[in-house]
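Hi,

Here is the structure I said I would pass on.

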Amino acid sequence: RERGRPPRLAGASGKGSAAKMGIQGLLKELGPVMVDQFDARRLARGTCAIDGSAWLFKAAYACALELALGRPTNQLVNYVERRVRALHAAGLRVVVCFDGNRPNLKSQVSAERRARQAAGRAKGNELYQASLRARSAAERRALEDSARNAFAGAISVTFEHTLPVLRALRAMRVPYIVAPFEADAQLAALAAGGHCSSIVTEDSDVAVFLSACGAGCDVLYRMDDRGVGQLLRVRPGPLSEWVSLDGIEVMRAASAGRAAARSASAGPQPSAPASAQPVAASSSMGYAPSPGRAPAPSSRAPKVVTPSTYAFLRKLSALSARQFVQLCVLAGCDYLTSPPGLGLRTGVKYLQRTAAADDDARPARIVREMAKDGVPVPDGYRRLFCMAEAGFRRHVVFDPALRAARRLVPVCGGDAAADSGLLASPARPGRRRGAHGAAEAEASGRTVGALPAPLRVAPSLPSPSSEPAGGALDAS
């Protein structure tokens, strides 16, 4: 490994802002089937896997000005420590996963994000310099707040910011894993291998990776310092196993129109009038819950949704796991930008139309259906679609049991085209990128011990092979 200045964290331009991680609108659409105000103490006892990169980006919002100006700050370390302690207090073991190399599939999205970050930094610097020339304290504070907001849209978490967090985790005897590529896929791999019983993240991509590999896990989103967040119970198999319509009530049409008008207006939404009473989903709407759906969690109070939301959830629950992955690719993800005007609700109708098609042949059928509807489809879209889906299903992850890198879903048959070129990100010879470099710097050449059960990993960082391998460290 070369001496000198370490490389930037790959996620600095790959993960993006915490508010824009993953599939746009997915968590909002799944809101009715999520459990609000869920306490981590109610999670199954065992190991909880955490998306550490998502935590770092979320924490960076509170100290965006300090990070941009190079001022020393402990806020990133404090943020991670508080939440790890909350999970420990809930009786859970913790393992933290970090992004490694940036996949090639993210090159276009990453370039767009870098451009936005550069514009945000330029605006922030301009506003901050103006604040230094301000004549009054009030003007200076206003300009500094504006600069902070501009820098918040240009957050870049670097090696220097990550290294203190890794050292703090080691001091707390908390194991961490640097994924070969994305932490989201690594979390899904840990769940599929039985190495964790729950996941904490901010990124909706985790649900897609879990479906891609046929795994199930309790996923806690937007967890606060108390260990309270929103729970999504992802289960193996078709979405009818976890997108449950039980406990969801449909608002009457007139009330739904008023609710839509209120949501479009500014300011807090008033309470629904007494006349806006929900109706049973199986009555006036003509929908009946399909047999075999998972029962709604007993702790979840009935949620009232608009008829359009209920109709979308009903269509969503009819999808297979593979169709769900394809829907998320179609609606737009980090690996492929969606065609204009196409989102989750529009995309699900194309999955319905092509439900009878073979999974591998479905992308071509979807493209033909979109062309019939006059949707502008870019040249080569079908090939890009297949590559993006392969990015979810063929992602390279670190397997603690094998002590080596492997595919999230093994390559077989016609899927052999999904080679490492989809994911590999070129790095300078002799250097490990991003969090890989931070992990090696923290290890300082020492032997790395095994993680506590049920996680068992190699006694040292895996040697690089034809595909980049991840690694893990503990506090030994």
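Let me start with Cys217: its relative accessibility is 3%, so it counts as buried. Before going further, keep in mind that this is a predicted model. Cys217 sits in strand 6, which covers residues 217–221. If you ignore neighbours within four places in sequence, Cys217 is in contact with Ala191, Cys196, Ser197, Ser198, Ile199, Leu210, Leu232, Arg233, Val234 and Arg235. Gly194 is 23 residues from Cys217 in sequence, with a C-alpha to C-alpha distance of 9.6 Å.

As background, nonpolar side chains in soluble globular proteins tend to be buried together.

Phe392 is worth a click. Leaving out neighbours within four places in sequence, Phe392 is in contact with Ile23, Asp205, Val208, Phe209, Ala212, Val325, Val329, Cys333, Tyr335 and Leu408.

Val325 and Val329 bring us to helix 13. How many of the residues of helix 13 are buried? Eleven of the eleven, so helix 13 is largely enclosed by the rest of the structure. The buried set includes Arg322, Gln323 and Gln326. Around helix 13, its buried residues pack against helix 2 (26–29), helix 10 (205–212), helix 12 (307–317), helix 14 (344–353), helix 15 (362–372) and helix 16. Just after helix 13, Gly332 has a positive phi of about 110 degrees.

The pairing with helix 16 is the one I looked at in detail. The axes of helix 13 (residues 321–331) and helix 16 (residues 381–393) come within 10 Å and cross at roughly 125 degrees. That angle is why helix 13 counts as oblique to helix 16. The crossing is right-handed. From helix 13, Arg322, Val325, Gln326, Val329 and Leu330 meet Tyr381, Phe385, Ala388, Glu389, Phe392 and Arg393 of helix 16. Sorted by class, this contact has seven nonpolar, one polar and three charged residues.

For the overall picture, the chain has 17 helices and twelve strands. Of its 476 residues, 54% count as buried. Among contacts with a separation of 6 or more, 73% are between residues 24 or more positions apart.

Cheers

Conventions: Residues numbered from 1 in each chain as written. Predicted model: local features only at pLDDT ≥ 70, side-chain atom pairs only at ≥ 80, totals over all residues. Heavy atoms only, no water. Axes fitted to C-alpha atoms, helices over the stretch in contact; angles between N-to-C directions. Helix = DSSP H or I, 4+ residues; strand = E, 2+ residues; numbered from the N terminus. Parallel < 35°, antiparallel > 145°, perpendicular 65-115°, else oblique. Left-handed = near helix turned anticlockwise from the far one by under 90°. Contact = heavy atoms within 4.5 Å. Nonpolar A, V, L, I, M, F, W, Y, C, P; charged D, E, K, R; others polar. Buried < 20%, exposed > 50% of the residue type's maximum accessible area, 1.4 Å probe, protein only.
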